[in-house]
Amino acid sequence: MNEIVLSKNQFLELKHLVYQTSGINLHEGKKELLKSKLAKRMRLTKKNFDQYLAYLASNDQEVVEFIDTVTTNHSYFFRENKSIAYMVQHFKGSVPNKNQVFKIWCAACSTGDEPYSIAIQLLEAGLDFSILATDISHSVLATAARGIYRIDKTRNVPKTLLHRYFQQGTGKYQGHVKIKKQVQTHISFQRFNLITDTPPDQGVDAVVCRNVMIYFDMPTSEKVVNKLYGAVVPRGFFAIGNAESLMNLTHKFSSIPGVPSLYVK
Ligand SMILES: C[S@@+](CC[C@H](N)C(=O)[O-])C[C@H]1O[C@@H](n2cnc3c(N)ncnc32)[C@H](O)[C@@H]1O
């Protein structure tokens with residue numbers, strides 16, 4: 001499948017393009033993956049390798065499509081839920097007035113599993129809220145908005161919640177579930193590039209940015225963390241992935257004892 005011969009320079013140029021555009025740091029070990037992604041885009045654009053590289057260099061829209069194929073979108077419902085459960089309980093215990101609408105920003109939401117999981121728990125807590133769910137990739141945002149998933153992605157969802165908030169698919173949707181409207185109405189999906197875009201909202205109660213900085217180098221992660229810091233209200237939360245750390249970055253968040261991966265402003 002991969003007859004593409006990618007010279008060292010071509011690899012470095014593509015690596016630079018991916019880094020500049022998305023912050024994703026492709027190391028040498030990703031060369032084969034990059035070749036298979038190039039082959040996919042060449043097929044779809046009906047171009048040979050040289051034509052495709054020239055096309056990519058001159059077409060911003062193709063850069064978006066290309067980045068779309070190199071991002072890792074793995075996600076599932078109720079993933080690494082300890083920090084989310086803590087946050088929801090904190091919100092529940094701290095409602096100063098009944099009319100408070102909590103604002104959450106899921107800043108690399110992939111196919112929507114994460115914002116829907118948070119929404120379900122906020123609904124269960126009886127709270128009013130709105131979630132802005134963003135990602136660099138158009139295709140994951142389209143999947144998120146559709147809200148249909150293979151059932152195995154909901155393995156971690158407690159059974160009662162699965163029945164309450166998902167419809168079981170039948171016929172050609174056998175083995176799939178669809179998130180219910182009552183969950184979807186709380187979420188707005190938008191494209192947002194953590195590297196190049198300015199945060200859309202300066203007053204969110206929590207930013208959830210999990211399992212994306214793992215693909216960034218330290219200077220990029222530091223810039224992103226400090227950019228997101230500005231979007232959080234004082235005493236608001238910042239959640240990262242379990243495999244990520246703010247340890248060697250300069251930032252102003254405080255950690256929360258006993259709750260790994262969750263920080264407070
Ligand atoms: C592995 S998924 C994580 C999804 C979810 N947060 C979770 O923890 O399950 C990483 C997501 O980050 C997105 N991403 C990568 N670079 C990005 C960037 N520069 N700006 C915004 N999103 C980005 C990818 O498109 C992908 O959907």
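How many salt bridges does a search of the whole structure find? The search finds 8. The model is predicted.

## Salt bridges across helices

Arg-41 pairs with Glu-62, and their closest N and O atoms are 2.8 Å apart.

Arg-164 is partly exposed at 40% relative accessible area. Glu-124 is partly exposed at 36%.

Glu-32 and Lys-35 form a salt bridge, with the closest N and O atoms 3.4 Å apart. Both lie in helix α2 (residues 31–45), 3 residues apart, about one turn of the helix. Glu-32 has 44% relative accessibility, so it counts as partly exposed. Lys-35 is buried, with a relative accessible area of 12%.

Salt bridges also link Arg-150, Asp-152 and Arg-155 in a network.

## Cysteines

The structure holds 0 disulfides. Cys-106 is in none; its nearest cysteine sulfur belongs to Cys-109, 6.6 Å away. A disulfide needs the two sulfur atoms within 2.5 Å. Cys-106 is at 0% relative accessibility and therefore counts as buried.

Cys-209 is in no disulfide either; the nearest cysteine sulfur is that of Cys-106, 9.4 Å away. Cys-209 also counts as buried, because its relative accessibility is 0%.

Conventions:
Residues numbered from 1 in each chain as written. Predicted model: local features only at pLDDT ≥ 70, side-chain atom pairs only at ≥ 80, totals over all residues. Heavy atoms only, no water. Buried < 20%, exposed > 50% of the residue type's maximum accessible area, 1.4 Å probe, protein only. Salt bridge = Lys/Arg side-chain N within 4 Å of Asp/Glu carboxyl O. Helix = DSSP H or I, 4+ residues; strand = E, 2+ residues; numbered from the N terminus.
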